[in-house]
Amino acid sequence: MSRISILDRDRCQPKKCNYVCIEYCPGVRMEEDTITIDPKTKKPLMSEELCSGCGICTNRCPFQAVSIINLPEALEDPIHRYGQNMFELFGLPTIREESVVGMLGPNGIGKSTIIRILSGELKPNLGLYERESSWDDIINYFKGSQMQNYFKKLSDGELSVVHKPQMVDLLPKFIKGSVQDLLEGVNQRDALDDVKNVLELGSILDRDIKNLSGGELQRVAIAAAVLREADFYYFDEPTSWLDVRQRLNAVKVIRDLAESGKSVLVIEHDLAALDAISDYVHILYGEPGGYGVVSQLRGVRVGINTYINGFLREENVRFRKQPIIFEVRPPAAEVDTEELTEYTSLKKKFKDFSLDIKSGIVHHDEIITAFGPNGIGKTTFAKMLAGVAKPDSGKINKKVKVAYKPQYLTSDFSGSVQDLLITTAPNFGTNIFKTEIIRPFSLEELMDKEVQDLSGGELQRLSIALTLSQEADIYLFDEPTAFLDVEQRLKTARAVKRVVEGRNSASIIVDHDIVFIDYISDRAMVFYGEPGVEGHASAPKNLRSAMNQFLEDVGITFRRDKETKRPRVNKQGSYLDREQKEKGEYYYLDI
Ligand code: ADP
Ligand code: ADP
Ligand code: MG
Ligand code: MG
């Protein structure tokens, strides 16, 4: 069995522990160079040839920085390894002409690495990180497969590839000027008018890139990618920051590429969007941060169902203990628990925007989701409930304590995650805190990291956890799924359910991920109106009527997968789409 050791360089702090890994390593005691000190970084280097896998360093390390991983037998010949004791990648996805191939897997499993390799930004080293591989080696490695020709052409500069990067918020650093100038400059496919309309960019064309919001940047980045002429198009997480309608518009322009003959690869964590965009799916599994494996290609329906079931039959790999269960609730389910609080109708006016919320009741033990387009007042509503903003008219019961996670996360806390938890989480250190908070959000692995250094997804997990750790009547979350992978979204949903039930409280959640909303909601409220101009919100009502109201507005229908019961977007104009629209059943169907 082959084995790799992984050192998390951010966590490793040899100055604080004085190299306990070296001190206790049996190999070093027998005067073998099993662990040495890297002269450059001063961090330990573990030799995988000499390591016996005893696990003593893993246990001794006070910062959980070392892991020793036994690789499944079948894994041989990596595509890339970032360096000694670093992440290793096995396999690459299949690329198909006239098709969209989706990639689905947890954060840290190598998805962005794959796109960087395929777009020629990262030259794969075939696991031999000590020297650079030649293109001949690489081409030879893929002999007889489709990728042989791909890398031959890539190395000769004969491939044209377009890559929409994951981090769109970095774009203003590299691109200056107006949206119009940018898009005209890349309009090689002469499709600007069409793309501009579908992605609803008309009103922001004159704006400077540096003044765009996250969702606007994402749509501009997608537009800039699809307007270019290329053979291969790679999209790394194209729906972050987008609302449901915008997600499906993005799906449309990206699918159009495939329909015009291009090969497209997409990384996506929103299962409804992934389902609507892909023809095929690759599931990635392994150990996040350690190694990642690309599973075989599956058709999109079977692929996503396989993911939901948590078991790869062909590979004989179980990556989750249980399947994700979607309950198709009885449509008329009314809440039978007691009233927790109510709010009157609420009004708020800004210079260009006015918001009007219908009065509503919140019950004990219920989870209410809130959805609607961007710019319609969801965050303003959340702020009023949380007491961060004051309504111009209307009242919220002040005696009800609200724990609130805002949409945009910033932290000026200087110190580690552990320091932050000690100072702000009331139950820190108790068993219940461990099971309710630490475990579902995998905070153990973040404890020694500086809060300032956390990635978007890590900060999101921490913020949700901190909110849930407060004693409150209502737990209020504004877009908690942003930057989280599917597993983390699921764990968040379970943790919220558990806390709400355990404490007899309630939760209100603003989000755009339909599959997540379906999984977590008891009831829902709909925001509608004209984004940026006026917003209205319904009272909380049952999910079926809320979805019907919302989806009628957006013009899409959902059916349920027969096997897993997950919601799936119907193709526009398909038989089911037309039939459901006629009946006014945009969401639930008897199946
Ligand atoms: P994903 O896109 O699936 O979230 P990535 O491909 O970004 O994952 O990263 C996979 C793993 O490789 C992560 O553990 C990450 O920390 C590591 N990694 C990414 N880039 C580098 C790099 N330049 N050097 C070392 N490790 C890296
Ligand atoms: P959502 O969360 O649904 O995307 P928001 O509540 O953030 O919407 O914003 C709704 C509208 O109100 C937007 O047009 C936004 O520009 C405007 N807005 C929000 N906060 C303010 C403010 N403090 N001053 C002026 N306008 C604001
Ligand atoms: Mg990534
Ligand atoms: Mg918002």
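How do the residues of the shell around ligand 2 divide into nonpolar, polar and charged? Let's start there. One caution before the answer: this is a predicted model.

So, the count. The shell holds 4 nonpolar residues, 6 polar ones and 1 charged one. Now the names. Phe350, Phe353 and Pro373 are among the residues around ligand 2.

Look at the backbone next. Which residue puts a polar backbone atom 2.7 Å from an oxygen atom of ligand 2? That is Gly375. Ile376 has a backbone N or O atom 3.1 Å from a ligand 2 oxygen. For Gly377, a backbone N or O atom sits 3.0 Å from an oxygen of ligand 2. And how much of the ligand is covered? On its own, ligand 2 exposes 560 Å². The protein buries 60% of that.

Next stop, Asn249. Find helix α12, residues 244-259; Asn249 is in that helix. Is Asn249 buried or exposed? Its relative accessibility is 16%, so it counts as buried, since the cut-off for buried is under 20%. What does Asn249 touch, beyond its neighbours within four places in sequence? It is in contact with Val198, Leu199 and Glu200.

Last topic: the aromatics. The whole structure has 16 aromatic pairs. I'll show two of them.

Pair one is Tyr82 with Phe87. The ring centres are 6.5 Å apart, and the planes make an angle of 40°. That pair is tilted. The two partners come with their own accessibility values. Tyr82 has a relative accessible area of 34%, so it is partly exposed. Phe87 has 10%, so it is buried.

Pair two is Phe142 with Phe151. Here the centres are 4.9 Å apart, with 15° between the planes. This one is stacked. Phe142 and Phe151 are both buried.

Stay with that second pair for a moment. Phe142 and Phe151 belong to one aromatic cluster. Who else is in the cluster? Trp135, Tyr141, Tyr150 and Phe232.

Quick recap. Ligand 2 has oxygen atoms facing backbone atoms of Gly375 at 2.7 Å, Ile376 at 3.1 Å and Gly377 at 3.0 Å. Asn249 is buried. Phe142 and Phe151 stack. That's my tour.

Notes
Residues numbered from 1 in each chain as written. Chains lettered and ligands numbered in written order. Predicted model: local features only at pLDDT ≥ 70, side-chain atom pairs only at ≥ 80, totals over all residues. Heavy atoms only, no water. Near = heavy atom within 4 Å. Polar contact = N/O pair within 3.5 Å; in protein donor to acceptor, adjacent residues only side chain to side chain. Areas by Shrake-Rupley, 256 points an atom, 1.4 Å probe, with all protein chains shown as cover. Nonpolar A, V, L, I, M, F, W, Y, C, P; charged D, E, K, R; others polar. Helix = DSSP H or I, 4+ residues; strand = E, 2+ residues; numbered from the N terminus. Buried < 20%, exposed > 50% of the residue type's maximum accessible area, 1.4 Å probe, protein only. Contact = heavy atoms within 4.5 Å. Phe/Tyr/Trp six-rings, centres within 6.5 Å; stacked < 30°, edge-to-face > 60°.
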